[in-house]
Number of protein chains: 2
Amino acid sequence: MNNVKATWIAADWGATHMRAWAIGISGDVLSYNESNEGMKDLQQDQFEPTLVRLIGNWIGNDKITPVMACGMVGAREGWVETPYQQTPCVPINKNQLTAASTHDSRIQVNLVPGVMQLEPADIMRGEETQIAGFLESDPNYDGIVCLPGTHVKWVKVSEGKIRKFTTFMTGELFSVISLNTLIRHSIDASGWHQPSFEKGLMNGFENPGLIASELFSLRAESILGELDGKSARARLSGLLLGIELHGTQNYWQENPVVFIGSELLTKHYQKALQIVGGNGLSFNVEIATLSGLSSAYKQLHNN
Amino acid sequence: MNNVKATWIAADWGATHMRAWAIGISGDVLSYNESNEGMKDLQQDQFEPTLVRLIGNWIGNDKITPVMACGMVGAREGWVETPYQQTPCVPINKNQLTAASTHDSRIQVNLVPGVMQLEPADIMRGEETQIAGFLESDPNYDGIVCLPGTHVKWVKVSEGKIRKFTTFMTGELFSVISLNTLIRHSIDASGWHQPSFEKGLMNGFENPGLIASELFSLRAESILGELDGKSARARLSGLLLGIELHGTQNYWQENPVVFIGSELLTKHYQKALQIVGGNGLSFNVEIATLSGLSSAYKQLHNN
């Protein structure tokens with residue numbers, strides 16, 4: 001695919017990863033590339049050379065190729081800081097895209113800004129693009145979009161706008177608890193046990209105040225020989241998700257929910273929400289990202 | 001104090017620290033020594049030489065000096081594994097003290113075992129000795145003993161026995177959240193702001209299910225310039241304590257509470273409990289430890 005030339009290029013550039021797609025004249029994906037050169041590993045002057053290395057083969061010499069990028073690349077520590085939009089707002093507004101100047105004159109880079117909420121204070125970078133992409137397929141959606149991950153976003157959307165949102169650090173909590181606390185001795189790095197997941201889920205949902213005690217129980221049951229590492233892993237995951245579903249009842253109890261995230265996480269969230277009495281659909285995360293960046297491209301270049 | 005000779009020696013040997021006291025014939029403390037050679041840094045054959053190095057000056061050559069030790073020194077990875085007592089039980093029972101054999105014939109070492117609870121599974125090592133020490137001063141106490149720390153213990157005591165207990169990993173959660181999550185960029189290593197502590201406390205106590213969202217708020221408010229590092233530290237502390245107090249209402253709502261722990265932590269716990277509608281007294285942790293080990297010594301040597 002080395003001689004593919006892109007009409008434009010889509011880039012999802014997060015804190016730890018960069019993914020890029022060569023898009024053709026009719027909007028089809030011609031080629032794909034990825035790297036673990038995320039925002040947090042790059043100095044400001046390293047973004048352009050990193051980008052050009054990844055997409056260089058897709059760029060023609062006789063015209064300027066637009067690059068639309070979203071994610072932490074637009075953070076303060078990123079390539080160019082893109083000022084946040086403020087809720088309520090459409091997820092992507094062409095007047096707020098931020099250009100990143102380049103030495104290479106063959107590309108023209110625009111970054112999608114994140115969205116902030118003043119009260120209560122909250123921020124997102126990247127998820128607004130996935131929401132924009134989902135809204136391309138369902139412009140009149142009135143409900144919740146939940147984006148599971150390290151920092152889970154619960155977002156109320158209506159009339160094409162992000163109305164309000166709340167971020168839950170559930171994924172990061174899972175990570176530090178399983179890697180950095182004494183529970184690391186009791187938990188496997190992979191594996192699953194669905195009944196343990198569901199037990200943890202109900203414990204967390206019914207008694208969120210017992211989180212620090214439920215965590216110690218994992219360790220104690222493991223020491224006393226009653227809990228294997230796979231079950232501990234599933235129960236910790238269920239516990240933290242149950243606590244999150246307790247805290248998000250005002251989002252999901254009266255609204256439809258759409259999950260956008262990795263296949264595995266989305267499956268767990270859907271199942272968990274169903275168990276505690278809600279229900280949600282899922283929407284493919286890659287389609288969401290590409291449709292969102294495509295909407296940014298069309299806003300900027302089709303008028 | 002190099003020529004002090006002890007009647008017996010008290011040792012509190014935890015995971016990260018070792019503290020030893022030379023006790024005289026009338027029970028008074030003659031000398032003190034400490035080290036950061038905790039259980040987790042020592043191999044099995046290093047315990048005796050470490051002990052002898054710390055207390056060697058207090059041992060006479062013409063008689064055997066008893067050493068009474070409590071804490072993680074009796075864990076599976078410690079000097080000698082002491083089998084747990086099982087609730088309900090008196091905190092220290094002379095028939096369950098475990099001797100650690102030594103090459104040095106001038107000392108005779110006995111370890112106080114920890115206490116386990118089968119359902120729900122829970123364990124303690126060291127706290128049972130502090131509870132025994134507190135009960136020396138109030139043998140008929142009927143209520144709650146709370147021991148704040150890395151792994152906080154809430155313990156129901158009556159008729160001289162540990163009836164049931166629950167461990168909360170609150171201290172360890174505070175540590176990993178402030179050191180290993182993105183909140184580390186927003187939080188000072190020391191300092192305090194009492195109104196932020198109380199705000200976090202009420203947030204946690206009223207809505208424990210929002211923990212992962214409250215954590216992200218700390219970061220978001222910091223990025224948006226609304227929160228300094230001292231306030232973030234106090235609010236995180238209050239948040240986690242508020243969640244714990246939500247989860248322990250069945251302990252403290254109908255019972256007197258005595259806190260045994262570091263002066264600073266105990267002060268925060270007392271204030272927090274008062275704010276959410278309970279109340280508690282404090283008992284000096286060093287007196288508790290020494291009285292507990294003394295009770296073990298007397299049980300073993302005075303009959």
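I looked up the division of chain A first, and found domain 1 (1–123) and domain 2 (126–303), with bounds that come from an automatic or database domain assignment. The C-alpha centres of domain 1 of chain A and domain 2 of chain A are 26 Å apart, and their contact takes 25 residues from each of these two domains, where contact asks for C-beta atoms, placed from the backbone, within 7 Å.

I noted that this is a predicted model, in which local features need pLDDT of at least 70 and side-chain atom pairs count only at pLDDT 80 or more, while totals for chains, interfaces and linings use all residues. Residues are numbered from 1 along each chain as its sequence is written, and chains are lettered from A and ligands numbered from 1 in the order in which they are written.

Next I turned to the copies. Chain A can be laid on chain B by a turn of 180° and a shift of 0.0 Å along the axis, with an RMSD of 0.0 Å (least squares on the C-alpha atoms of residues with pLDDT of at least 70 in both), and that is the relation of a two-fold axis. Of the residues of chain A, P208(A) comes closest to the rotation axis, its C-alpha being at 2.8 Å. I also recorded that 100% of the interface residues of chain A are interface residues in chain B too, so the copies meet through the same surface.
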